Amino acid sequence: MKDPRLGLVLPAWRDAGADFVPVVVIRHPLEIAGSLARSPRGVYPTAYLLALWEKYLRRTLAGLDGQPAVFLAYRRLMADPAAELARVVGALTAAGLRGLAVPDPGKLAERIKPGLYRQRSEGDPDGLMTAAQQRLWAQVEDAARQPGMQAVQPDDPEPDGILALFQDAFDQRIAIGRHLATDDNVRAIAAINAATAEMREMVQQRLDNERRNNEALRERIRALEDGEHDLRERLGADLETRARLQQELEQAQLGLQAADARCEQAHRSVQDMQRSLSWRITAPLRWVAGKLRLPRMSWRFEQRLYRMYYGFPGISYRRKRQLILWLHRRLPFLTRSTQSYTLFNQGASRPSDIPPVPRMDAARAAEVLKTLARQPVFSIIMPVYNTDPRWLHDAIESLRNQYYGKWELCIVDDCSNKPETLEYLAQLDDPRIRQQRMESNAGIARTTNAALALATGEYIGLLDHDDVLTRDALLENVLVLQDPQVDLIYSDEDKMDVDGGCHGPVYKPDYSPDYLFSNNYFCHFTVVARKLVDEVGGLHYGYDGAQDFDLVLRLTERARKVHHIPKVLYHWRMVPSSTAATAGAKPYTWEAGRRALTDALTRRAIAGRVDLGPYPNTYHVRRDILGKPRVSIVVPFRDEPALLRQCVGSILERSTWQDFELVLVDNQSRLPETAALLVELQQRDARVRALRYDRPFNYSALHNWVVPQLKGDLLLLLNNDTQVISNDWIESLVEHAQRPEVGVVGCRLLYPDETVQHGGVIIGIGSFAGHAHHLIPADHPGYMAKPHLLQNVSAVTFACAMMRMSLYRELGGLDEKNLGVAYNDVDFCLRAMEKGYLNVYTPHAELYHHESKTRGSENDEAKKARFEAETGYMRRRHRALLERGDPFYNINFRSDGNSYEVDPGYTATLPV
């Protein structure tokens, strides 16, 4: 029985002697009330509909007269139809029915549509149900969870009188309709209205009483939950400390074992070396070298020697080079006085072990302070709530220990109730510390705004109540603020465990608008001009957990200059409930961040939407494509018909964007199979056309020749050794290439073995530039999830890249004179960046790359010479960028390994 009114006919069935097994389908009364609130029969109050539900359900249970029935919950049926029907069939079979079977899950999915389940209810948060109704619902819902048939007798024998009151009111209103024209009816209407008002007041009083009772219960539950939270927090801290100590012990033991093994291996290697023939033969040379100190020759003279050496006939360049390197490694006493050895030694060392800019110490800080023309006051904002006094003490002491002393600390306590927190705050005695206590717990945004109201400084710094600043944090910011145009500053940071150990440095790029749309990478330590904070209205409410993200988004919309300090100035404390320990500690922050980004799109008049990203607190901003721009795809190739077929086939078969022309540029192919394939592809799709470029390979010249012949609005450069993975790859490129502030858009390329080939280009690694995240697994999060997040980069590979056709013309195309093969893509991107454009890497356009299978590798002397010449040109042309460092990378990453490699010894450079 799905309709509860069917219970009215149960006595008739029973009197007729019918043999039946009842199945009662139940649904939450508030869901029923929601579906009946507005119907063709009228508009009814919720209280009346709930009373009707109670009436008919009681009639059904009374009609069963204690007979067991199968109870089936509508919500459980829609959530898992197969499991629920299996339970019902089991119960009916146990009752004696035969031949029943559970339908096939595929057929169930076709018949039962979750979309039909529109009215949903989660409990009774507003207290609309009476206590008797709540008990009745609990009884039948419990019966629906049991495996067999259940007999249900209501705990309350009779329903309350609300339904009768409604029924009397309806009867009186019907009487009014029959005698509407008489004077007596007017008086009757007035009497009925009075009775209706009295009834409504009585119902409202009963509902108010229920709500007050429910609120009292909620308060008690909240108090219990708060107590449980405190206990869990303390237990979590203890367990974390224990686990960390155990892990450190195990690591120390493993390290000791490894060290012993290395010592033993080194000892055996020394013994083997001393017993070797080469060691005995070179003994006289070592004796002579020890007696004679070879003078350091000039670099010019050394170069003459090397030219003579490499000019000897009969031995290849590679073997000559190998001999020089062997001498540097095996016989350094013969070459250590040369510039060549110095360069070799520098390349083999770890340059990042020595920071490019030394950190402050007391002596240097004193000298710097004497040179400062501007010495503003910093107002450090610190909201506090039930903070452990240990962490609060460390935070405040880190401020007191600053090399730069012009600061004030604005503390606002958000109505803490822990005695130890209150006692610590009460004993603070420093004229630079201002305090205020909120009258009630108001939340992080209101508490922070209260602290901002206490501030008198020219600049605001945000310091969490359990975190720590490095001693030079304020002084480094003052150095930047010598430029009065700088309104917003952020720095690098790391994490600090409960014992004060630092690790996990977060090295950030310079201001990257698209990366900021992917996650709040600014975080700590943030300093902002007070006037700018006032201009944007401080922190806004409704973004708890992402209030700082919302603030940063609004600040960057109005800041004159945004500056990044590539130094760790902030230690983020890892406590169990902090997002420093895990982003999952506060999952509500993810949705709050999405709201902040959505509002930012609205303020900036950007059409699009915000999707949640692949990791907590990451996002994917999807911009609407304006109009229907035509895309010209250029694919140069030389033979390799199998690769070309694979590339073109993937474009035609997988691409959801249809408005494109596909221009295949044949660069001196020879195979008849290639010619036949071109005919086939052009016949297959009218959008495909082939052109022949019959000159020696010069990537830049080829594209400069073909671009004027194209018909599209957007230019997509694509290698013939690529293969489309994501269907919307063109849309993912178009949505950014259409932006007037963007130069070039690059994609994510994978090798066929599912490792990363390209995730953007970094300037300054390798001979001049290298690919980010090279060779990491495709599903690996990488450094700060960067392989998976949309961001700005200095350059992208033109193996797959898109730009506006107008931009290609504006920059004069590719440099075919100096960069015929290598680096032409990087040079183009850097010239676009010089013009003020942003280059974008999007991981949402994804392709395979069978790298350089057409052209081959740099494996002969001519190619090596050409590559060295192109490298030399790039180092001269973009020397200033090399010296500054890639703005979207970070100078603190080690330069002797893979990209985004962190030096674990960085803590030795921090000021103490």
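**Close-up 1. Contacts of His 540 in the predicted model.** Beyond its neighbours within four places in sequence, His 540 is in contact with Ala 445, Asp 550 and Arg 554 in this predicted model. With Arg 554 there is a side-chain to side-chain polar contact of 3.4 Å. The side chain of His 540 also reaches a backbone atom, the oxygen of Val 536, at 3.4 Å.

**Close-up 2. Setting of His 540 in the loop between α22 and α23.** His 540 lies in the loop that runs between α22 (530-536) and α23 (547-558). Ala 596 is 56 residues away from His 540 in sequence, yet the two C-alpha atoms are 9.8 Å apart in space.

**Close-up 3. Packing of α23 against α24.** The axis of α23 comes within 9 Å of the axis of helix α24 (residues 588-603), and the two cross at roughly 20 degrees. Angles under 35 degrees count as roughly parallel, so α23 and α24 are described in that way. The crossing of α23 past α24 is right-handed. On the α23 side, the residues that meet α24 are Phe 549, Asp 550, Leu 553, Arg 554 and Glu 557. Their counterparts in α24 are Gly 593, Ala 596, Leu 597, Ala 600 and Arg 603. Sorted by class, this contact contains five nonpolar, one polar and four charged residues.

**Close-up 4. Burial of helix α20.** Helix α20 (residues 473-480) is mostly covered, with seven of its eight residues buried. The buried residues are Ala 473, Leu 474, Leu 475, Glu 476, Asn 477, Val 478 and Val 480.

**Close-up 5. Packing of α25 against α26.** Helix α25 (residues 641-654) and helix α26 (residues 672-684) have axes that come within 10 Å and cross at roughly 10 degrees. This angle is under 35 degrees, and α25 is therefore roughly parallel to α26. From α25, the contact is made by Pro 641, Leu 644, Arg 645, Val 648, Gly 649, Leu 652 and Glu 653. From α26, Glu 673, Thr 674, Leu 677, Leu 678, Glu 680, Leu 681 and Arg 684 take part. The classes represented in the contact of α25 with α26 are seven nonpolar, two polar and five charged residues.

Key:
Residues numbered from 1 in each chain as written. Predicted model: local features only at pLDDT ≥ 70, side-chain atom pairs only at ≥ 80, totals over all residues. Heavy atoms only, no water. Helix = DSSP H or I, 4+ residues; strand = E, 2+ residues; numbered from the N terminus. Contact = heavy atoms within 4.5 Å. Polar contact = N/O pair within 3.5 Å; in protein donor to acceptor, adjacent residues only side chain to side chain. Axes fitted to C-alpha atoms, helices over the stretch in contact; angles between N-to-C directions. Parallel < 35°, antiparallel > 145°, perpendicular 65-115°, else oblique. Left-handed = near helix turned anticlockwise from the far one by under 90°. Nonpolar A, V, L, I, M, F, W, Y, C, P; charged D, E, K, R; others polar. Buried < 20%, exposed > 50% of the residue type's maximum accessible area, 1.4 Å probe, protein only.
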